[in-house]
Amino acid sequence: MIAIITGDIINSEEYKASEWIDVLKKQFSKWGETPVDWEIYRGDEFQLKINPDQALWAAVQIKALIKSVKGLDVRMAIGVGSENFQGISVSESNGTAYQRSGRIFDNLKISKINLAIATGNIEVDKSLNLMIKLALDFMDEWTPVSAEIVAIALTNTVSSQEKIAGMLGIQQSAVSQRQKRARFQLVLELLHYYQQTVKRMKP
């Protein structure tokens, strides 16, 4: 079982690619090799193959990184399933994970939702997508400062607020306030719920 994240950058045409593409490539490189595990193509679209347990965490991390640039956002579809053909690149590979990700991605613009998931289990999809939709109510509104604190905290999950404060050159109380504004604790609870749900789905 694998997960495929298909996405594109919202408002990318109004920005230079240099403002976001290197950060995205650096993050993707932590998850695998291009082009077999990830690709950025057609200027602002991408696909990432990742462990299902990590898929929502990765999507939230990508969103936080992109929203750290004022005015940018990202639209993503997560497909969980199989891979029955592995091409020389992730965009040439196939399987239910790819098909589910592609189908949902095509519907995102129509439904005006920036993140959704398909696992092949109707009940699981219903509950996860409801929770994601509720979370998007505040994640879509992250300011660059809120997004930055989420991106750093997700990258350094074992770091204390004091250590994060040192990295940013701010007070620990400021880190706490920024995490609170970003609803970071709720994000962690959502990610934990997602991981437990996906683990139960494994054969």
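Colleague: Thanks! Which residues in α2 meet α8, and which ones in α8 do they meet?

Modeller: Keep in mind that this is a predicted model. On the α2 side there are Ala55, Leu56, Trp57 and Val60, and they meet Val187, Leu190, Leu191 and Tyr194 in α8. The residues of this contact divide into eight nonpolar, no polar and no charged.

Colleague: And at what angle do the two helices pack?

Modeller: Helix α2 (residues 55-67) and helix α8 (residues 184-201) pack at about 150 degrees, and their axes are 8 Å apart. Angles over 145 degrees count as roughly antiparallel, so that is what α2 is relative to α8.

Colleague: Nice. Switching to the sheet: what is the strand order?

Modeller: The order is β2-β3-β1-β4-β5, in an open sheet of five strands with mixed pairing.

Colleague: Which strands stand at the edges?

Modeller: Those are β2 and β5 (115-118). Each has a single partner strand, so one side of each is left without a neighbour in the sheet. On average, neighbouring strands are turned by 10 degrees against each other, direction ignored.

Colleague: What does α2 touch on the sheet?

Modeller: α2 packs on the sheet and touches β1, β3, β4 and β5. Its direction makes about 170 degrees with that of β4.

Colleague: How many bridges join β1 and β4?

Modeller: Nine, with strand β1 and strand β4 (residues 73-81) pairing in the antiparallel sense. As one example, Ile10 stands opposite Asp73 in β4.

Colleague: Let's look at β3. Is it buried or exposed?

Modeller: Buried: six of the six residues of strand β3 (residues 45-50) are, so the strand is largely enclosed by the rest of the structure. Glu45, Gln47 and Lys49 point one way, while Phe46, Leu48 and Ile50 point the other way, and all are buried.

Colleague: How does β3 pair with β1, then?

Modeller: Strand β1 (residues 2-10) and β3 pair in the antiparallel sense, over six bridges. Thr6 stands opposite Gln47 there.

Colleague: And what about β2 with β3?

Modeller: Strand β2 (residues 38-41) pairs with β3 in the antiparallel sense over four bridges. The bridge partner of Ile40 in β3 is Phe46. The hairpin of β2 and β3 has three residues between the strands, and Arg42 takes a positive phi near 50 degrees in that hairpin.

Colleague: Rings next. How many aromatic pairs does a search of the whole structure find?

Modeller: Four aromatic pairs turn up. Take Phe28 and Trp31: their ring centres are 6.2 Å apart and their planes are at 40 degrees, so the pair is tilted.

Colleague: Where do Phe28 and Trp31 sit along the helix?

Modeller: They are three residues apart in helix α1 (residues 21-31), which means a separation of about one helical turn. Phe28 counts as buried at 0% relative accessibility, and Trp31 is buried too, with a relative accessible area of 15%.

Colleague: Which residues do the ring pairs link into a cluster?

Modeller: Phe28, Trp31, Trp38, Phe46 and Trp57.

Colleague: Last one: is Glu14 buried or exposed?

Modeller: Glu14 counts as exposed, at 57% relative accessibility. It lies in the loop between β1 and α1.

Definitions and conventions: Residues are numbered from 1 along each chain as its sequence is written. This is a predicted model: local features need pLDDT of at least 70, side-chain atom pairs count only at pLDDT 80 or more; totals for chains, interfaces and linings use all residues. Side-chain values use heavy atoms; hydrogens and water are left out. Axes are lines fitted to C-alpha atoms, for helices over the stretch in contact, and angles run from 0 to 180 degrees between N-to-C directions. Angles under 35 degrees count as roughly parallel, over 145 as roughly antiparallel, 65 to 115 as roughly perpendicular and the rest as oblique. Contact means heavy atoms within 4.5 Å. Ala, Val, Leu, Ile, Met, Phe, Trp, Tyr, Cys and Pro count as nonpolar, Asp, Glu, Lys and Arg as charged, and the others, Gly among them, as polar. Buried means under 20% relative accessible area, exposed over 50%, partly exposed in between (1.4 Å probe, protein chains only). Two strands pair if DSSP finds at least two bridges between them. Rings of Phe, Tyr and Trp (its six-membered ring) pair if their centres lie within 6.5 Å; planes under 30 degrees apart count as stacked, over 60 as edge-to-face and the rest as tilted.
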